[in-house]
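This report describes selected local features of one protein model.

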Amino acid sequence: MAVECIERPSPNFDERKGPVDILLMHYTGMETGEAAAARLCSAEARVSAHYMIHEDGRIVRLVPEEMRAWHAGVSSWAGETDINSRSIGIEIVNGGHDFGCPPYPDVQMAAVEALSKEIVERWNIPARRVIGHSDVAPGRKADPGEWFDWARLARAGVGLWVEPEEIVEGPSLSRGERGDHVADLQFMLADYGYGVEVMGRYDETTEEVVAAFQRHFRQQKVDGVADISTLMTLRRLLELVRG
Ligand SMILES: [Zn+2]
């Protein structure tokens with residue numbers, strides 16, 4: 001019962017150098033789906049993804065899953081840096097932050113859900129490795145955005161979700177701070193997979209990684225400040241992973 005795809009082959013791919021074990025979500029960030037498709041198929045652009053999903057739910061296959069598509073760029077997850085070799089990439093048509101953060105239509109999300117379910121089953125991709133471009137390239141990328149419905153995908157068995165802890169007044173960690181609390185935070189983020197060094201100083205990278213975590217798991221407020229809600233949500237997520 002494979003989902004139906006429109007074939008539109010992109011010339012932009014090469015051989016994988018590792019097993020597939022990541023599913024990576026993107027938004028196209030362009031004005032129209034057609035403009036994004038043209039770019040993903042242009043040899044000069046040297047970018048691609050395995051699939052693109054239009055706002056009306058049409059799924060386009062650009063690169064065969066067996067091949068290495070070019071969508072992640074400079075990125076890292078759980079110590080891996082050749083994310084293109086390890087992942088299947090889905091470009092979801094959405095204008096993104098530059099075009100007013102438009103909502104993902106229900107029919108489009110239904111297609112994302114159906115295709116993703118097939119992919120994670122086909123390749124046996126672990127739930128914690130269903131992630132966004134912003135997770136693997138914090139600071140550089142913000143897609144698929146803090147309005148992307150990860151909770152819905154998790155309910156369908158695609159990726160992980162924990163109910164985010166409520167935002168309340170209280171102490172927080174932010175840029176410039178040092179010490180064990182910062183090292184603990186960095187350890188938890190790195191433990192989940194984020195590319196951050198455990199060194200006890202809340203530097204720019206730490207701020208970007210906290211923002212990336214929030215974009216995915218504590219979407220109400222993305223500010224790079226590790227407040228109690230952020231810390232509790234992260235802790236809850238790690239408990240879920242450790243079982
Ligand atoms: Zn992207």
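Where is the place of Trp77? Trp77 sits in the loop between β6 (68-69) and α2; helices (H or I, at least four residues) and strands (E, at least two) are DSSP runs numbered from the N terminus. The model is predicted: local features need pLDDT of at least 70, side-chain atom pairs count only at pLDDT 80 or more, and totals for chains, interfaces and linings use all residues. Residues are numbered from 1 along each chain as its sequence is written, and side-chain values use heavy atoms, with hydrogens and water left out.

Trp77 is buried, at 1% relative accessibility. Buried means under 20% relative accessible area, exposed over 50%, and partly exposed in between (1.4 Å probe, protein chains only). Not counting residues up to four places away in sequence, Trp77 touches Ile22, Ile83, Arg128, Arg129, Ile131, Asp135, Val136, Tyr192, Gly193 and Tyr194, where contact means heavy atoms within 4.5 Å.

Ser85 belongs to helix α2 (residues 83-86) and is buried, with a relative accessible area of 2%. Its side chain makes a polar contact of 3.2 Å with the side chain of Arg68. Such a contact is a pair of N or O atoms within 3.5 Å; within protein, one must be able to donate a hydrogen and the other to accept it, and residues adjacent in sequence count only if both atoms are side-chain atoms. Leaving aside neighbours within four places in sequence, Ser85 is in contact with Arg16, Lys17, Gly18, Pro19 and Arg68.

**Salt bridges**

The whole structure contains 18 salt bridges, each defined as a side-chain nitrogen of Lys or Arg within 4 Å of a carboxyl oxygen of Asp or Glu.

| Pair | Closest N and O atoms |
|---|---|
| Arg8 and Glu34 | 3.3 Å |
| Arg215 and Glu146 | 2.8 Å |
| Asp191 and Arg242 | 2.6 Å |

In the salt bridge between Arg8 and Glu34, with closest N and O atoms 3.3 Å apart, Arg8 lies in the loop between β1 (6-7) and β2 (13-14) and Glu34 in helix α1 (residues 33-40), so the pair ties together parts that are 26 residues apart in sequence. Arg8 is partly exposed, with a relative accessible area of 29%, and Glu34 is partly exposed at 47% relative accessibility.

The salt bridge of Arg215 with Glu146 has its closest N and O atoms 2.8 Å apart. It links distant parts of the chain: Arg215 is in helix α7 (residues 204-217) and Glu146 in the loop between α4 (133-136) and α5 (150-155), 69 residues apart. Arg215 counts as buried at 16% relative accessibility, whereas Glu146 counts as partly exposed at 22%.

For Asp191 and Arg242, the closest N and O atoms are 2.6 Å apart. Asp191 lies in helix α6 (residues 180-192) and Arg242 in helix α8 (residues 228-242), so this pair ties together parts 51 residues apart in sequence. Asp191 is partly exposed, with a relative accessible area of 31%, and Arg242 is exposed, with 55%.

A network of salt bridges also links Asp21, Glu80, Arg86 and Arg129.

**Largest pocket**

The largest pocket is lined by 26 residues, of which Tyr27, Thr28, Arg39, Glu91 and Lys141 lie nearest its centre. β3 (22-27) and α1 each supply at least two residues of this lining, and the largest share, 3 residues, comes from α1. On a 1 Å grid over the protein atoms alone, a pocket is an open set of points where a 1.4 Å probe fits, with protein on both sides within 12 Å along at least five of seven lines; lining residues have an atom within 4 Å of a point.

**Backbone geometry**

Most residues other than glycine have a negative phi, and most peptide bonds are trans. Asp143 and Pro144 are joined by a cis peptide bond, with omega about 10°; Pro144 is in the loop between α4 and α5. Arg46 has a positive phi, near 55°. Arg46 lies in the loop between α1 and β4 (51-53) and counts as exposed at 55% relative accessibility. Cys101 likewise has a positive phi, near 50°. Its place is in the loop between β7 (87-92) and α3 (106-123), and Cys101 counts as partly exposed at 30% relative accessibility.
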